[in-house]
Amino acid sequence: MSPALEALMEGCRYPGKGEMKGGVMLEPFVHQVGGHSCVLRFGEQTICKPLIPREHQFYKSLPPEIRKFTPQYKGVVSVSFEEDEEGNLCLIAYPLHSDPVDLENKEPSADGEPKNKLVKWGKKKPSGLLPDNERARQSRKEEKGKSNRDDKAEVLYYSLEKGNVVPQIKHNPWSQQCHQQHLQRMKENSKHRNQHKFILLENLTWRYRVPCVLDLKMGTRQHGDDASEEKKANQIRKCQQSTSSSIGVRLCGMQMFHNATGQLIFMNKYHGRKLSLAGFKEALCQFFSDGRVLRRELLTPVLQRLREMRAVLEACESYRFFSSSLLIIYDGAPPAAPPRPRPSRGGEEEDDEDEDEDDDDDEGAAYAGRHDLSSSASPAVDVRMIDFAHTTCRDYGEDGIVHEGGDSGYIFGLQNLISILSQLEEHSND
(Lines give C-alpha, C1' and ligand atoms only; values in the text may rest on other atoms or scores of the structure.)
Protein backbone atom coordinates (compact mmCIF):
# COMPACT_ATOMS: atom_id res chain seq x y z
CA MET A 1 0.00 0.00 0.00
CA SER A 2 1.35 3.41 -0.96
CA PRO A 3 2.15 5.97 1.78
CA ALA A 4 -0.49 8.29 0.33
CA LEU A 5 -3.22 5.65 0.55
CA GLU A 6 -2.07 4.63 4.03
CA ALA A 7 -2.35 8.25 5.20
CA LEU A 8 -5.75 8.55 3.53
CA MET A 9 -7.10 5.48 5.32
CA GLU A 10 -5.66 6.60 8.62
CA GLY A 11 -7.48 9.92 8.29
CA CYS A 12 -10.81 8.34 7.35
CA ARG A 13 -11.38 5.95 10.25
CA TYR A 14 -14.54 6.89 12.06
CA PRO A 15 -14.31 7.07 15.86
CA GLY A 16 -17.09 5.81 18.06
CA LYS A 17 -18.18 3.00 15.75
CA GLY A 18 -16.02 0.21 17.08
CA GLU A 19 -12.58 -0.92 16.08
CA MET A 20 -12.77 -2.56 12.67
CA LYS A 21 -9.25 -4.04 12.51
CA GLY A 22 -7.76 -1.03 10.77
CA GLY A 23 -10.60 -0.69 8.28
CA VAL A 24 -12.76 2.26 7.28
CA MET A 25 -16.52 2.10 7.71
CA LEU A 26 -18.29 3.11 4.49
CA GLU A 27 -21.42 5.21 4.44
CA PRO A 28 -23.99 5.95 1.71
CA PHE A 29 -23.04 8.77 -0.63
CA VAL A 30 -26.17 10.91 -0.62
CA HIS A 31 -25.31 13.07 -3.64
CA GLN A 32 -25.52 10.29 -6.23
CA VAL A 33 -28.18 11.42 -8.73
CA GLY A 34 -27.70 8.96 -11.60
CA GLY A 35 -26.31 5.61 -12.63
CA HIS A 36 -27.11 2.22 -11.19
CA SER A 37 -23.78 1.30 -9.64
CA CYS A 38 -23.54 2.06 -5.93
CA VAL A 39 -21.34 4.90 -4.71
CA LEU A 40 -20.17 5.00 -1.08
CA ARG A 41 -18.61 7.68 1.09
CA PHE A 42 -15.08 6.71 2.16
CA GLY A 43 -14.25 10.03 3.79
CA GLU A 44 -14.99 13.72 3.43
CA GLN A 45 -12.98 14.09 0.24
CA THR A 46 -13.19 10.53 -1.09
CA ILE A 47 -15.84 8.18 -2.43
CA CYS A 48 -15.54 4.58 -3.62
CA LYS A 49 -17.37 2.39 -6.12
CA PRO A 50 -17.05 -1.25 -7.23
CA LEU A 51 -13.99 -1.79 -9.38
CA ILE A 52 -14.75 -2.48 -13.03
CA PRO A 53 -11.53 -3.59 -14.78
CA ARG A 54 -12.04 -1.41 -17.87
CA GLU A 55 -12.79 1.71 -15.82
CA HIS A 56 -9.83 0.96 -13.54
CA GLN A 57 -7.58 0.68 -16.57
CA PHE A 58 -8.83 4.03 -17.84
CA TYR A 59 -8.06 5.85 -14.59
CA LYS A 60 -4.56 4.34 -14.42
CA SER A 61 -3.65 5.19 -18.02
CA LEU A 62 -5.60 8.32 -18.97
CA PRO A 63 -3.57 11.06 -20.66
CA PRO A 64 -2.78 14.27 -18.73
CA GLU A 65 -4.96 16.44 -20.96
CA ILE A 66 -8.05 14.41 -19.96
CA ARG A 67 -7.05 13.97 -16.32
CA LYS A 68 -8.09 17.49 -15.36
CA PHE A 69 -11.63 16.72 -16.52
CA THR A 70 -12.03 13.56 -14.42
CA PRO A 71 -12.17 12.85 -10.67
CA GLN A 72 -8.79 12.18 -9.09
CA TYR A 73 -8.03 8.46 -8.84
CA LYS A 74 -6.79 7.52 -5.36
CA GLY A 75 -6.22 3.77 -5.42
CA VAL A 76 -7.95 0.48 -4.62
CA VAL A 77 -9.29 -1.01 -1.39
CA SER A 78 -10.77 -4.36 -0.41
CA VAL A 79 -14.33 -4.14 0.95
CA SER A 80 -16.10 -6.73 3.10
CA PHE A 81 -19.52 -7.06 4.75
CA GLU A 82 -19.30 -7.35 8.55
CA GLU A 83 -20.92 -6.72 11.92
CA ASP A 84 -19.44 -4.20 14.34
CA GLU A 85 -19.25 -4.60 18.12
CA GLU A 86 -22.84 -3.38 18.50
CA GLY A 87 -24.21 -5.85 15.99
CA ASN A 88 -24.73 -3.31 13.21
CA LEU A 89 -24.24 -4.51 9.66
CA CYS A 90 -21.44 -2.55 7.97
CA LEU A 91 -19.34 -2.34 4.86
CA ILE A 92 -15.67 -2.03 5.79
CA ALA A 93 -12.81 -1.01 3.48
CA TYR A 94 -9.31 -2.37 4.13
CA PRO A 95 -5.94 -1.61 2.55
CA LEU A 96 -5.15 -3.95 -0.27
CA HIS A 97 -1.96 -5.81 0.73
CA SER A 98 -2.25 -8.53 -1.88
CA ASP A 99 -3.73 -8.84 -5.34
CA PRO A 100 -5.55 -12.18 -5.50
CA VAL A 101 -7.31 -12.93 -8.74
CA ASP A 102 -10.65 -13.63 -7.05
CA LEU A 103 -10.81 -10.05 -5.78
CA GLU A 104 -11.00 -8.65 -9.29
CA ASN A 105 -14.69 -7.89 -9.87
CA LYS A 106 -15.05 -10.01 -12.97
CA GLU A 107 -18.03 -11.85 -14.44
CA PRO A 108 -19.84 -8.71 -15.65
CA SER A 109 -23.57 -8.95 -16.00
CA ALA A 110 -25.45 -8.19 -19.21
CA ASP A 111 -25.22 -4.45 -18.58
CA GLY A 112 -21.48 -4.55 -18.01
CA GLU A 113 -21.62 -4.12 -14.23
CA PRO A 114 -19.80 -6.61 -11.99
CA LYS A 115 -21.96 -9.11 -10.14
CA ASN A 116 -22.19 -9.67 -6.40
CA LYS A 117 -21.14 -6.16 -5.48
CA LEU A 118 -20.96 -4.90 -1.93
CA VAL A 119 -22.98 -1.79 -1.93
CA LYS A 120 -24.45 -0.41 1.25
CA TRP A 121 -23.69 0.64 4.78
CA GLY A 122 -26.60 -0.16 7.06
CA LYS A 123 -27.20 0.08 10.80
CA LYS A 124 -30.10 -2.33 11.05
CA LYS A 125 -29.08 -5.87 11.77
CA PRO A 126 -31.01 -8.44 9.72
CA SER A 127 -32.30 -11.73 11.11
CA GLY A 128 -29.27 -13.52 9.73
CA LEU A 129 -26.01 -12.46 8.11
CA LEU A 130 -26.27 -15.17 5.47
CA PRO A 131 -29.97 -15.44 4.59
CA ASP A 132 -31.29 -18.61 3.01
CA ASN A 133 -33.48 -18.49 -0.08
CA GLU A 134 -36.71 -18.28 1.86
CA ARG A 135 -35.49 -15.45 4.06
CA ALA A 136 -34.20 -13.61 1.00
CA ARG A 137 -37.57 -13.90 -0.73
CA GLN A 138 -39.34 -12.70 2.38
CA SER A 139 -36.93 -9.78 2.71
CA ARG A 140 -37.57 -8.76 -0.89
CA LYS A 141 -41.30 -8.88 -0.25
CA GLU A 142 -40.96 -6.70 2.84
CA GLU A 143 -38.76 -4.17 1.06
CA LYS A 144 -41.27 -3.95 -1.78
CA GLY A 145 -44.10 -3.40 0.65
CA LYS A 146 -42.20 -0.65 2.42
CA SER A 147 -41.36 1.27 -0.75
CA ASN A 148 -43.24 4.53 -0.82
CA ARG A 149 -44.18 6.93 -3.55
CA ASP A 150 -40.81 8.66 -3.26
CA ASP A 151 -39.11 5.57 -4.68
CA LYS A 152 -41.32 5.64 -7.79
CA ALA A 153 -41.73 9.36 -8.39
CA GLU A 154 -39.59 10.72 -11.22
CA VAL A 155 -39.60 14.32 -9.96
CA LEU A 156 -39.78 15.26 -6.28
CA TYR A 157 -40.14 18.63 -4.55
CA TYR A 158 -39.37 19.19 -0.87
CA SER A 159 -40.29 22.52 0.74
CA LEU A 160 -38.04 23.52 3.61
CA GLU A 161 -39.10 25.45 6.67
CA LYS A 162 -38.18 29.10 6.79
CA GLY A 163 -34.96 29.73 8.62
CA ASN A 164 -33.30 26.57 7.30
CA VAL A 165 -30.64 28.60 5.51
CA VAL A 166 -28.28 25.75 4.66
CA PRO A 167 -30.28 22.54 4.13
CA GLN A 168 -28.64 19.16 4.48
CA ILE A 169 -29.44 16.82 1.59
CA LYS A 170 -29.88 13.51 3.39
CA HIS A 171 -32.73 11.81 1.57
CA ASN A 172 -31.83 11.75 -2.10
CA PRO A 173 -34.38 9.18 -3.36
CA TRP A 174 -32.19 7.88 -6.20
CA SER A 175 -29.25 7.26 -3.89
CA GLN A 176 -31.52 5.45 -1.42
CA GLN A 177 -33.02 3.30 -4.15
CA CYS A 178 -29.61 2.22 -5.47
CA HIS A 179 -28.42 1.32 -1.98
CA GLN A 180 -31.53 -0.68 -1.08
CA GLN A 181 -31.45 -2.71 -4.28
CA HIS A 182 -27.75 -3.51 -4.12
CA LEU A 183 -27.74 -4.28 -0.40
CA GLN A 184 -30.38 -6.94 -0.96
CA ARG A 185 -28.41 -8.37 -3.86
CA MET A 186 -25.26 -8.42 -1.77
CA LYS A 187 -26.98 -10.15 1.16
CA GLU A 188 -28.18 -12.95 -1.07
CA ASN A 189 -24.69 -13.61 -2.45
CA SER A 190 -22.47 -12.88 0.55
CA LYS A 191 -22.11 -16.54 1.51
CA HIS A 192 -20.37 -17.18 -1.82
CA ARG A 193 -18.02 -14.23 -1.67
CA ASN A 194 -17.38 -11.44 0.82
CA GLN A 195 -14.38 -9.56 -0.53
CA HIS A 196 -14.45 -7.10 -3.39
CA LYS A 197 -12.19 -4.48 -4.88
CA PHE A 198 -13.41 -0.89 -4.85
CA ILE A 199 -11.69 2.06 -6.48
CA LEU A 200 -11.22 5.29 -4.53
CA LEU A 201 -12.09 8.53 -6.30
CA GLU A 202 -12.23 12.21 -5.46
CA ASN A 203 -15.54 13.33 -3.95
CA LEU A 204 -16.43 16.19 -6.28
CA THR A 205 -19.14 17.56 -3.96
CA TRP A 206 -17.21 17.85 -0.72
CA ARG A 207 -16.38 21.56 -1.05
CA TYR A 208 -20.00 22.63 -1.41
CA ARG A 209 -22.40 23.39 1.43
CA VAL A 210 -25.48 22.42 -0.64
CA PRO A 211 -24.27 20.55 -3.75
CA CYS A 212 -26.48 21.02 -6.81
CA VAL A 213 -25.63 18.16 -9.18
CA LEU A 214 -26.59 17.57 -12.82
CA ASP A 215 -25.77 14.18 -14.40
CA LEU A 216 -25.89 14.20 -18.22
CA LYS A 217 -25.51 11.05 -20.30
CA MET A 218 -23.30 12.05 -23.21
CA GLY A 219 -23.10 10.83 -26.80
CA THR A 220 -25.38 9.47 -29.47
CA ARG A 221 -24.41 5.87 -28.66
CA GLN A 222 -24.46 4.22 -25.24
CA HIS A 223 -23.56 0.54 -25.81
CA GLY A 224 -19.98 -0.66 -25.63
CA ASP A 225 -18.24 -2.62 -28.36
CA ASP A 226 -18.63 -5.82 -26.35
CA ALA A 227 -22.38 -5.44 -25.73
CA SER A 228 -24.67 -8.37 -26.50
CA GLU A 229 -27.20 -7.99 -29.31
CA GLU A 230 -29.97 -7.64 -26.73
CA LYS A 231 -28.08 -4.97 -24.80
CA LYS A 232 -27.18 -3.16 -28.00
CA ALA A 233 -30.81 -3.07 -29.18
CA ASN A 234 -32.00 -1.88 -25.77
CA GLN A 235 -29.50 0.98 -25.66
CA ILE A 236 -30.24 2.03 -29.24
CA ARG A 237 -33.95 2.15 -28.40
CA LYS A 238 -33.31 4.36 -25.33
CA CYS A 239 -31.22 6.75 -27.44
CA GLN A 240 -33.82 6.94 -30.21
CA GLN A 241 -36.63 7.64 -27.75
CA SER A 242 -34.73 10.40 -25.95
CA THR A 243 -32.71 13.50 -26.70
CA SER A 244 -29.56 11.33 -27.02
CA SER A 245 -30.22 10.71 -30.72
CA SER A 246 -31.17 14.29 -31.61
CA ILE A 247 -28.61 16.32 -29.62
CA GLY A 248 -26.20 13.73 -28.16
CA VAL A 249 -27.06 14.41 -24.52
CA ARG A 250 -29.88 13.52 -22.12
CA LEU A 251 -30.67 14.15 -18.48
CA CYS A 252 -29.67 11.21 -16.30
CA GLY A 253 -30.32 12.72 -12.85
CA MET A 254 -30.51 16.05 -11.07
CA GLN A 255 -30.52 17.46 -7.55
CA MET A 256 -30.87 21.18 -6.84
CA PHE A 257 -31.82 23.68 -4.18
CA HIS A 258 -33.76 26.82 -5.05
CA ASN A 259 -32.72 29.33 -2.45
CA ALA A 260 -35.41 31.87 -3.39
CA THR A 261 -38.26 29.41 -2.76
CA GLY A 262 -36.67 27.06 -0.23
CA GLN A 263 -37.27 23.98 -2.40
CA LEU A 264 -35.13 20.88 -2.86
CA ILE A 265 -35.82 19.24 -6.23
CA PHE A 266 -34.81 15.80 -7.51
CA MET A 267 -35.20 14.32 -11.01
CA ASN A 268 -34.21 10.79 -12.01
CA LYS A 269 -33.17 9.17 -15.27
CA TYR A 270 -36.65 7.92 -16.12
CA HIS A 271 -37.90 11.48 -16.24
CA GLY A 272 -34.83 12.46 -18.27
CA ARG A 273 -35.54 9.84 -20.94
CA LYS A 274 -39.03 11.27 -21.53
CA LEU A 275 -37.93 14.86 -22.03
CA SER A 276 -38.32 16.47 -25.42
CA LEU A 277 -35.75 19.01 -26.57
CA ALA A 278 -37.91 21.79 -25.13
CA GLY A 279 -38.29 19.84 -21.89
CA PHE A 280 -34.53 19.30 -21.69
CA LYS A 281 -33.92 23.02 -22.10
CA GLU A 282 -36.49 23.76 -19.42
CA ALA A 283 -34.76 21.33 -17.04
CA LEU A 284 -31.45 23.15 -17.59
CA CYS A 285 -33.19 26.46 -16.83
CA GLN A 286 -34.51 24.93 -13.63
CA PHE A 287 -31.08 23.63 -12.65
CA PHE A 288 -29.35 26.99 -13.12
CA SER A 289 -32.10 28.92 -11.35
CA ASP A 290 -32.51 30.07 -7.76
CA GLY A 291 -36.27 29.47 -8.05
CA ARG A 292 -37.08 32.89 -9.43
CA VAL A 293 -34.35 34.00 -11.83
CA LEU A 294 -31.69 32.33 -13.94
CA ARG A 295 -28.26 32.51 -12.32
CA ARG A 296 -26.25 33.81 -15.25
CA GLU A 297 -23.08 33.94 -13.15
CA LEU A 298 -23.06 30.12 -13.15
CA LEU A 299 -23.33 29.77 -16.92
CA THR A 300 -20.17 31.67 -17.82
CA PRO A 301 -17.67 29.41 -15.98
CA VAL A 302 -19.57 26.26 -17.02
CA LEU A 303 -19.41 27.28 -20.67
CA GLN A 304 -15.71 28.04 -20.41
CA ARG A 305 -15.07 24.58 -18.97
CA LEU A 306 -17.20 22.86 -21.63
CA ARG A 307 -15.35 24.63 -24.44
CA GLU A 308 -12.00 23.58 -22.97
CA MET A 309 -13.24 19.99 -22.75
CA ARG A 310 -14.48 20.04 -26.35
CA ALA A 311 -11.07 21.19 -27.60
CA VAL A 312 -9.32 18.39 -25.72
CA LEU A 313 -11.68 15.66 -26.93
CA GLU A 314 -11.45 16.85 -30.55
CA ALA A 315 -7.70 16.23 -30.35
CA CYS A 316 -8.07 12.94 -28.45
CA GLU A 317 -7.39 10.19 -30.97
CA SER A 318 -9.32 6.87 -30.91
CA TYR A 319 -11.03 7.32 -27.52
CA ARG A 320 -14.72 6.39 -27.24
CA PHE A 321 -16.58 7.23 -24.03
CA PHE A 322 -19.64 5.03 -24.51
CA SER A 323 -22.25 5.43 -21.72
CA SER A 324 -20.11 8.03 -19.97
CA SER A 325 -21.68 10.92 -18.07
CA LEU A 326 -20.89 14.57 -17.50
CA LEU A 327 -21.35 16.08 -14.04
CA ILE A 328 -22.03 19.77 -13.49
CA ILE A 329 -21.87 20.88 -9.84
CA TYR A 330 -22.32 24.19 -8.04
CA ASP A 331 -23.23 25.37 -4.55
CA GLY A 332 -26.90 26.10 -4.00
CA ALA A 333 -26.38 27.60 -0.56
CA PRO A 334 -27.09 31.31 -0.20
CA PRO A 335 -23.97 33.47 -0.50
CA ALA A 336 -22.16 33.98 2.77
CA ALA A 337 -21.80 37.51 4.06
CA PRO A 338 -18.48 39.02 2.96
CA PRO A 339 -15.89 39.10 5.71
CA ARG A 340 -15.61 42.41 7.52
CA PRO A 341 -12.34 44.18 6.66
CA ARG A 342 -9.86 44.37 9.47
CA PRO A 343 -8.84 47.88 10.53
CA SER A 344 -5.20 48.81 10.25
CA ARG A 345 -3.22 50.14 13.16
CA GLY A 346 -4.06 53.63 11.99
CA GLY A 347 -7.78 52.86 12.04
CA GLU A 348 -8.08 52.62 8.23
CA GLU A 349 -9.02 49.57 6.22
CA GLU A 350 -6.29 47.67 4.46
CA ASP A 351 -6.19 44.62 2.22
CA ASP A 352 -4.70 41.38 3.47
CA GLU A 353 -2.33 40.21 0.74
CA ASP A 354 -1.96 36.77 2.28
CA GLU A 355 -5.71 36.18 2.15
CA ASP A 356 -5.81 37.23 -1.51
CA GLU A 357 -3.09 34.73 -2.33
CA ASP A 358 -5.01 31.97 -0.54
CA ASP A 359 -8.19 32.73 -2.50
CA ASP A 360 -6.33 32.33 -5.79
CA ASP A 361 -5.31 28.77 -4.92
CA ASP A 362 -8.72 27.08 -4.99
CA GLU A 363 -7.40 23.53 -5.20
CA GLY A 364 -4.93 23.95 -2.38
CA ALA A 365 -7.55 25.63 -0.24
CA ALA A 366 -10.01 22.83 -0.88
CA TYR A 367 -7.59 20.12 0.22
CA ALA A 368 -6.73 22.16 3.29
CA GLY A 369 -10.36 21.86 4.34
CA ARG A 370 -11.68 25.34 3.51
CA HIS A 371 -15.32 25.58 2.44
CA ASP A 372 -15.74 29.35 2.02
CA LEU A 373 -16.17 29.44 -1.75
CA SER A 374 -18.41 32.49 -1.91
CA SER A 375 -15.68 34.98 -1.06
CA SER A 376 -14.34 35.07 -4.62
CA ALA A 377 -15.96 37.13 -7.36
CA SER A 378 -17.00 34.15 -9.52
CA PRO A 379 -19.04 31.24 -8.11
CA ALA A 380 -17.44 27.84 -7.66
CA VAL A 381 -18.59 25.40 -10.33
CA ASP A 382 -17.21 22.06 -11.49
CA VAL A 383 -17.61 20.11 -14.73
CA ARG A 384 -16.23 16.54 -14.89
CA MET A 385 -16.45 13.39 -16.95
CA ILE A 386 -17.38 10.24 -15.00
CA ASP A 387 -18.27 6.56 -15.56
CA PHE A 388 -15.84 4.80 -17.89
CA ALA A 389 -17.00 1.16 -17.75
CA HIS A 390 -17.33 1.05 -21.56
CA THR A 391 -14.51 3.39 -22.57
CA THR A 392 -12.07 2.18 -25.20
CA CYS A 393 -9.05 3.41 -27.17
CA ARG A 394 -6.35 1.90 -29.35
CA ASP A 395 -4.04 1.49 -26.35
CA TYR A 396 -6.42 -1.15 -24.90
CA GLY A 397 -4.70 -4.11 -26.52
CA GLU A 398 -7.44 -6.62 -25.72
CA ASP A 399 -10.11 -4.70 -27.64
CA GLY A 400 -10.92 -6.09 -31.07
CA ILE A 401 -12.25 -2.81 -32.46
CA VAL A 402 -10.01 0.24 -32.86
CA HIS A 403 -11.81 3.53 -33.54
CA GLU A 404 -10.31 6.37 -35.53
CA GLY A 405 -10.44 10.08 -34.71
CA GLY A 406 -12.29 11.71 -31.84
CA ASP A 407 -15.53 10.59 -30.21
CA SER A 408 -17.89 12.39 -32.61
CA GLY A 409 -21.03 11.43 -30.67
CA TYR A 410 -19.71 12.84 -27.39
CA ILE A 411 -18.36 15.96 -29.10
CA PHE A 412 -21.73 16.43 -30.83
CA GLY A 413 -23.42 16.35 -27.42
CA LEU A 414 -20.92 18.83 -25.99
CA GLN A 415 -21.46 21.23 -28.88
CA ASN A 416 -25.23 21.13 -28.49
CA LEU A 417 -24.96 21.59 -24.73
CA ILE A 418 -22.71 24.61 -25.30
CA SER A 419 -25.20 26.06 -27.78
CA ILE A 420 -28.17 25.60 -25.43
CA LEU A 421 -26.37 27.13 -22.44
CA SER A 422 -25.09 29.99 -24.61
CA GLN A 423 -28.67 30.76 -25.61
CA LEU A 424 -29.71 30.73 -21.95
CA GLU A 425 -26.87 33.10 -21.13
CA GLU A 426 -27.91 35.52 -23.87
CA HIS A 427 -31.59 35.46 -22.91
CA SER A 428 -30.75 36.07 -19.28
CA ASN A 429 -29.56 39.52 -20.32
CA ASP A 430 -32.95 40.42 -21.75
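Reply: Start with Glu202, which sits in strand β8, residues 196-202. Keep in mind that this model is predicted.

Me: What makes Glu202 count as buried?
Reply: Its relative accessible area is 6%. Buried means under 20%. Glu202 is therefore buried.

Me: Why is the link between the side chains of Glu202 and Arg384 called a polar contact?
Reply: The distance joining these side chains is 3.2 Å. The cut-off for a pair of N or O atoms is within 3.5 Å. So the pair qualifies as a polar contact.

Me: Which hand does the crossing of α11 and α14 have?
Reply: α11 passes α14 in a left-handed crossing. Residues in the contact include Leu299, Leu303 and Leu306 of α11, and Ile411, Leu414 and Ile418 of α14.

Me: How many nonpolar, polar and charged residues does that contact of α11 with α14 have?
Reply: It has 13 nonpolar, 3 polar and 5 charged residues. Among the charged ones are Arg296 and Glu314 of α11, and Glu425 of α14.

Me: And the whole protein: what is its secondary structure?
Reply: It comes to 14 helices and 15 strands. Of its 430 residues, 50% count as buried. Among contacts with a separation of 6 or more, 80% come from residues 24 or more positions apart.

Key. Residues are numbered from 1 along each chain as its sequence is written. This is a predicted model: local features need pLDDT of at least 70, side-chain atom pairs count only at pLDDT 80 or more; totals for chains, interfaces and linings use all residues. Side-chain values use heavy atoms; hydrogens and water are left out. A crossing is left-handed if the near helix is turned anticlockwise from the far one by less than a right angle, and right-handed if clockwise. Helices (H or I, at least four residues) and strands (E, at least two) are DSSP runs, numbered from the N terminus. Contact means heavy atoms within 4.5 Å. Buried means under 20% relative accessible area, exposed over 50%, partly exposed in between (1.4 Å probe, protein chains only). A polar contact is a pair of N or O atoms within 3.5 Å; within protein, one must be able to donate a hydrogen and the other to accept it, and residues adjacent in sequence count only if both atoms are side-chain atoms.
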